[in-house]
Amino acid sequence: MSIWKRIGNIFSKPEAPAAPKSMLDLSPGDICEVSLVTYEVTGRTQTSGRNAVVLTLRDGSSIGYLYIEQREQLQYALYQPIDGRLDNPAEVPATLELDDYTYYLEEEYEGYASVTGQTPYMNGGQQHVWQYQSDESRLLRVEWQNGRFMLYEGEKVIPGDVKVIRA
């Protein structure tokens, strides 16, 4: 090594440390904590045109889905799959009644779904999503892709109750 390289190395700045991953950046194999429960991320679904992801989480034998959306600040909702069936995506109603709760349509969108890891759907394809909320602040999410419906029931999660353990 020449003397000029050695002198240059003395005055060079050290590399900046890598920025820690945010919840929006997590991918399969990462570990996170939601409401004091530790989960392994086993899948990730991102719909084009949205600054949001759905992470498939596994805690032992149970599976959950964490919806993360970046608005003014990160917003979280934790969902569990439920049994249910709808026949046609063109006939999804604006109001749904389920288990003595009435859910009202809050948001509807569609886009190309990019998938990694273990998720309810295969990679690629157009995904249509309906998000509902009840007067009791309960959440319902309906997804349709490739002729298949998935229904989820959930609740909002306080941002302080969500953190990255290992990325």
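Me: What share of residues 28–158 is helix, and what share is strand?
Reply: Over residues 28–158 the chain is 0% helix and 67% strand. Helices (H or I, at least four residues) and strands (E, at least two) are DSSP runs, numbered from the N terminus. The model is predicted: local features need pLDDT of at least 70 and side-chain atom pairs count only at pLDDT 80 or more, while totals for chains, interfaces and linings use all residues. Residues are numbered from 1 along each chain as its sequence is written, and side-chain values use heavy atoms, with hydrogens and water left out.

Me: Which feature does UniProt place at residues 28–158?
Reply: The UniProt record, an unreviewed entry, places "domain: DUF4178" there. UniProt positions are given in the numbering used here, feature names are shortened, and annotations may be inferred rather than shown by experiment.

Me: Why is the pair of Tyr 79 and Tyr 152 called edge-to-face?
Reply: Rings of Phe, Tyr and Trp (its six-membered ring) pair if their centres lie within 6.5 Å; planes under 30 degrees apart count as stacked, over 60 as edge-to-face and the rest as tilted. Tyr 79 and Tyr 152 are 6.4 Å apart centre to centre, with 65° between the planes, so the pair is edge-to-face. Tyr 79 lies in strand 5 (residues 74–82) and Tyr 152 in strand 10 (residues 148–157), so the pair ties together parts that are 73 residues apart in sequence.

Me: Are Tyr 79 and Tyr 152 buried or exposed?
Reply: Buried means under 20% relative accessible area, exposed over 50%, and partly exposed in between (1.4 Å probe, protein chains only). Tyr 79 has 4%, so Tyr 79 is buried. Tyr 152 has 2%, so Tyr 152 is buried too.

Me: What makes the pair of Trp 130 and Phe 149 tilted?
Reply: The ring centres of Trp 130 and Phe 149 are 6.3 Å apart and the planes are at 35°, so the pair is tilted. Trp 130 is in strand 8 (residues 126–134) and Phe 149 in strand 10, 19 residues apart, and the pair links distant parts of the chain. Trp 130 is buried at 1% relative accessibility, and Phe 149 is buried at 14%.

Me: How many aromatic pairs are found in the whole structure?
Reply: The search finds 3 aromatic pairs. Tyr 65, Tyr 79 and Tyr 152 form one aromatic cluster.

Me: How do you know that Arg 138 sits over the ring of Tyr 101?
Reply: A charge sits over a ring if NZ of Lys or CZ of Arg is within 6 Å of the ring centre and within 35 degrees of the ring normal. Arg 138 lies over the face of Tyr 101, at 4.1 Å from the ring centre.

Me: Why is the contact of Lys 21 and Asp 30 called a salt bridge?
Reply: A salt bridge is a side-chain nitrogen of Lys or Arg within 4 Å of a carboxyl oxygen of Asp or Glu. The N to O distance for Lys 21 and Asp 30 is 3.1 Å, so the contact is a salt bridge. Lys 21 is partly exposed at 33% relative accessible area, whereas Asp 30 is buried at 7%.

Me: Which residues share salt bridges in one network?
Reply: Arg 71 and Glu 107 form a salt bridge at 3.6 Å, N to O. That pair links distant parts of the chain: Arg 71 is in the loop between strand 4 (62–70) and strand 5, and Glu 107 is in strand 7 (residues 101–117), 36 residues apart. Arg 71 is partly exposed at 42%. Salt bridges that share partners join Arg 50, Glu 69, Arg 71 and Glu 107 into one network. The whole structure has 8 salt bridges.
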